[in-house]
Amino acid sequence: MVNKMLSDIEISRSVKLRQIEEVASELSLNKDDLELYGKYKAKISKDVLKEKKTDSKLILVTAITPTKAGEGKTTVSIGIAEGLRYLGNKVCLALREPSMGPVMGLKGGATGGGYAQVVPMEDINLHFTGDFHAITSANNLIAATIDNELYYGNKLNIDKDRIVFSRCLDVNDRSLRDIKIGMGKRINGVERSDFFKITVASEIMAIFCLSRDMKDLENRLNNILFGYSLDGKELYVKDLGITGALMLLLKDAFMPNLVQTVEGGPALIHGGPFANIAHGCNSVMATKYAMALADYTVTEAGFGADLGAEKFLDIKSRMNDLNPNVVVIVATIRALKMHGGVELENLKEENVEAMLNGVANLEKHIDTIKHFNKKYIVAINKFYTDTDAEIKALEDYLDSKGHPYSLTLEFEYGSNGMVDITNKIIDITNEPNTNLKYLYDLNDSIEEKIEKIAKKAYGAGNVEYSDIVKEKIKEYTSLGHDKLLICVAKTQNSLSDDSKLLNAPLGFTLHVKDLSLSLGAGFIVVYTGSIITMPGLPKIPAAKNMGLDENGEPYGIF
């Protein structure tokens, strides 16, 4: 096993980072195009796009249904970018920023692993350039202004029991899911029920990541529905008169962040909505910049193809005329064995039969990508416990089904382990691109849109709606909101809405429990199963094992 003894953070620290101006030069950018955040981070000026091309080949990376065994989708994304650069191509990576909630909670760091990382990893995993702080502040300014309107006479005639905009925080905190505010003395404000979302599930985050430019950002902020008046009228953020202040808070954050891979290649890290409770893609701005500045753009969408990739293609691509040249579907033998019935503690044992049983999950994600009429390649992300027999059995299976694939070794070898897949990706992207087909039409009814996603992307047999959902569908349709896109909030751990149902269940019922309008973002959020928008910390949070060592260096971020 090569380099096995080094941890991610040790590898990250062993790399001699390039000055960010040098990294930027690979994208034909100079110092005047940058707003520097120290030696190794920068934001790219909004003026850069005015003189640049936009004909990059777009590579979308997704994965099978995630398990505790791990799939390494971000690691593969970084590895592909490193591999393309190694072969002499002008390439730019575009990824999401990690949320502090999972970093301090269950997941730890989210910047790749081994020799396929983005750096400086400590900065990216923590406060970075302050984007999430700006988004949280903008969100909570709206919330505070709503309550201020209630306190000072309620000129907007706000119905305090029908306020639909919530506060947010970039920390996992289950205690904030359902709260009372304004309690105690009158000077504390008007007492009412409220709740928090995690920042990455907020509509401000969705708007931030879907906006094409500053004007689009302003328009979307204005159109946020925050509640209803006592006579049933919709109330928007533009009615609060604070959009200018929101733009001030977001103007610097809106510029994409430039960092580098451990091999020194350029990477844009910007925005970070979750894919299970939001749309799961990095900012449109970062994607546009990458496509304008490089010949190849590598990006990813959160979790499996049923969540992040579906939303990338049905929402982000539709809104911004994007059409990936190829979709990479990441799978690990470990995860396939879990889908095939093997418990986590037994994954080191060879089990070809279980792996081949679990391949049904991979097949469903391939099927989903086929529904979009996109070319694909399977990345078998090798783990050190994979046996020769397991690898051969999976390769033989993929050969028998005619699925293009490649064994990837980015974790151990960086770009040297990605030559095969990157050559195959180049070959695919040199072919004529296929037309992107969406899973539903904008003119479909709300029910038709939900059911087409459920059946085509998840394999559901039918959809069941709660009474409150049925009423909201009638209301939204009467108000003309039925033409909006659909963003399904669903567990990432299963194709169904039951997190314990692994592999590829078919014919199950998808349970729709609630709906909400995100008019600024441009979609209806569909809540299924027991999904929540404010995660809790695990019994032993990752934060308990983090700190600074005797030299003042961080530890525990992995």
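Ile59 is placed in strand β3, which spans residues 57-63; helices (H or I, at least four residues) and strands (E, at least two) are DSSP runs, numbered from the N terminus. The structure is a predicted model, in which local features need pLDDT of at least 70 and side-chain atom pairs count only at pLDDT 80 or more, while totals for chains, interfaces and linings use all residues. Residues are numbered from 1 along each chain as its sequence is written, and side-chain values use heavy atoms, with hydrogens and water left out.

Ile59 is buried, with a relative accessible area of 0%. Here buried means under 20% relative accessible area, exposed means over 50%, and partly exposed lies in between (1.4 Å probe, protein chains only). With neighbours within four places in sequence left aside, Ile59 is in contact with Leu84, Tyr296, Thr297, Val298, Thr299, Val326, Val328 and Ile425, where contact means heavy atoms within 4.5 Å. Asp173 lies 114 residues from Ile59 along the chain, and their C-alpha atoms are separated by 35 Å.

Two packed helices are described by the angle between their axes and the distance between the axes. The axes of helix α3 (residues 73-86) and helix α16 (residues 419-430) come within 9 Å and cross at roughly 80 degrees. Axes are lines fitted to C-alpha atoms, for helices over the stretch in contact, and angles run from 0 to 180 degrees between N-to-C directions. Helices α3 and α16 are therefore roughly perpendicular to each other; angles under 35 degrees count as roughly parallel, over 145 as roughly antiparallel, 65 to 115 as roughly perpendicular and the rest as oblique. On the α3 side the contact is made by Ile80, Gly83, Leu84 and Tyr86, and on the α16 side by Val419, Thr422, Ile425 and Ile426. These residues divide into six nonpolar, two polar and no charged. In this division Ala, Val, Leu, Ile, Met, Phe, Trp, Tyr, Cys and Pro count as nonpolar, Asp, Glu, Lys and Arg as charged, and the others, Gly among them, as polar.

Lys364, Asp367, Thr368 and His371 in α13 meet Lys456, Ala457 and Tyr458 in α17. The residues of this contact divide into two nonpolar, two polar and three charged.

Helix α10 (residues 284-293) is largely enclosed by the rest of the structure, because nine of its 10 residues are buried. The buried residues of α10 are Val284, Met285, Ala286, Thr287, Tyr289, Ala290, Met291, Ala292 and Leu293.

Several loop residues were also examined. Ile242 lies in the loop between β13 (234-236) and α9 (243-250) and is buried, with a relative accessible area of 12%. Not counting residues up to four places away in sequence, Ile242 touches Leu141, Ile142, Thr145 and Val237. Ile242 and Leu141 are 101 residues apart in sequence, and their C-alpha atoms are 8.5 Å apart in space.

In the loop between β6 (116-119) and α5 (121-125) is Pro120. A cis peptide bond, with omega of about 5 degrees, joins Val119 and Pro120. Asn157, in the loop between α6 (131-151) and β7 (158-163), has a phi near 60 degrees, a positive value in a residue other than glycine. Asn157 is partly exposed, with a relative accessible area of 31%. Asn373 also has a positive phi, of about 65 degrees, although it is not a glycine. Asn373 is found in the loop between α13 and β18 (376-381) and is partly exposed, with a relative accessible area of 27%.

For the chain as a whole, there are 18 helices and 25 strands. Buried residues make up 60% of the 558 residues. Among contacts with a separation of 6 or more, 75% are between residues 24 or more positions apart. The C-alpha atoms fill a box of roughly 70 × 55 × 50 Å, taken along the principal axes.
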